[in-house]
Amino acid sequence: MQLYNKLSAKERAELIEKAGKDRMTISFYKYAQIGNPEILRNHLFINWDEIDVLGRIYVSYEGINAQLSVPAENFNTFKNHLDTISFLENVRLNVAIEQDNMSFLKLKVKVRDKIVADGLNDESFNVTDKGVHVAAEEFNELLDDKNTILVDMRNHYESEIGHFQGAITPDVDTFRESLPIIEDDLADYKEDKNLVMYCTGGIRCEKASAYFKHKGFKKVYQLEGGIINYARQVEAQNLENKFIGKNFVFDHRRGERISDDIIANCHQCGNPCDEHVNCANEACHLLFIQCESCAEKMDTCCSVECKEVHNLPVEKQKELRKGKEVSNKIFKKGRSEVLKYKK
């Protein structure tokens, strides 16, 4: 049995368009002790492939982290299957605010050492001693408290296009970089301040809150379900929305709008813009912010050099890439020196 994708992204997109049926974009995570991640990985792939689930799912000895899409008509089947797995029964599902049938075009279920790369030695502290989970209403109340310090646990390219008002937004490329920086910067507030954290869907705060409690912070809180769940609760309960801009998401949409504010700028011309793109030169693939005007002018490339390569015949492009690693600029999202107005 083939436990991998049989179709290319292009072929899958054509099938989705031809089917003309709505899909739901969903994310969830769960920390749990898994004895054999490989067996779980195969079990998920077999069952989800049958109901046309697509997405990026990481499984490890510590749990599961999933971002996926499923045909709306198959949602109940998908949910019922989750409930047959003991540690996933009634798991909270974060449903995207803005739906896009093309959010994922392949099913990738991978076994990883960790479901989030945090760089922590989990044996050095109690990972189950987490911060207090708060829903949107209590979260807003905490933000109104002058005794609160609000920290964005995401990376710079995420917070650049949207964040909560008054949040500390560490200028980091990875989650693991932010932990020691935050600890050092807030060392004087361990005893008396409310340390309130948030991220996209909540998973990064799960580990971070336990880490900061281990480091001596007494009043640690985390936004339940992250920005995605917050936005839904704000709308359902008619609460004040304290998030400005867009929420960066890790699928083909790259972002979903939470408020009408545009707080970022095009990295090439400086005009207001919060649309992320990947450089069209496959040998670069840099993630950056580009407005429609610059996209047209630059053929969705980050530089003149990349534009020149992108306009070469496809076979010539492949020849130039042959034997070379993909540029590490993909890991320095929005950091390239060719971007005049980068953050």
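**From a helix to the core**

The buried residues of α3 are Phe75, Phe78, Lys79, His81 and Leu82. Buried means under 20% relative accessible area, with a 1.4 Å probe and protein chains only. Helices are DSSP runs of H or I with at least four residues, strands are E runs of at least two, and both are numbered from the N terminus. These residues span an arc of only 160 degrees around the axis, so they sit on the same side of α3. The arc is taken from the directions from the helix axis to the C-beta atoms. An α-helix has 3.6 residues a turn, so residues three or four places apart point the same way.

This is a predicted model: local features need pLDDT of at least 70, side-chain atom pairs count only at pLDDT 80 or more, and totals for chains, interfaces and linings use all residues. Residues are numbered from 1 along each chain as its sequence is written, and side-chain values use heavy atoms, without hydrogens and water.

What do the buried residues of α3 pack against? They pack against β1, α2 and β3. Contact here means heavy atoms within 4.5 Å. Leaving aside neighbours within four places in sequence, Phe28 contacts residues including Trp48, Leu68, Phe78 and Leu82.

The largest nonpolar core has 33 residues. Such a core is a set of buried Ala, Val, Leu, Ile, Met, Phe, Trp, Tyr and Cys residues joined through side-chain atoms within 4.5 Å. Ile26, Phe28, Trp48, Ile57, Leu68 and Phe78 touch the most other members. Among the elements giving two or more residues to this core are α1 (9–19), β1 (23–31) and α3 (75–83). A second, separate core of 23 residues includes Ile149, Leu186, Ala210 and Tyr211.

Notes:
Buried < 20%, exposed > 50% of the residue type's maximum accessible area, 1.4 Å probe, protein only.
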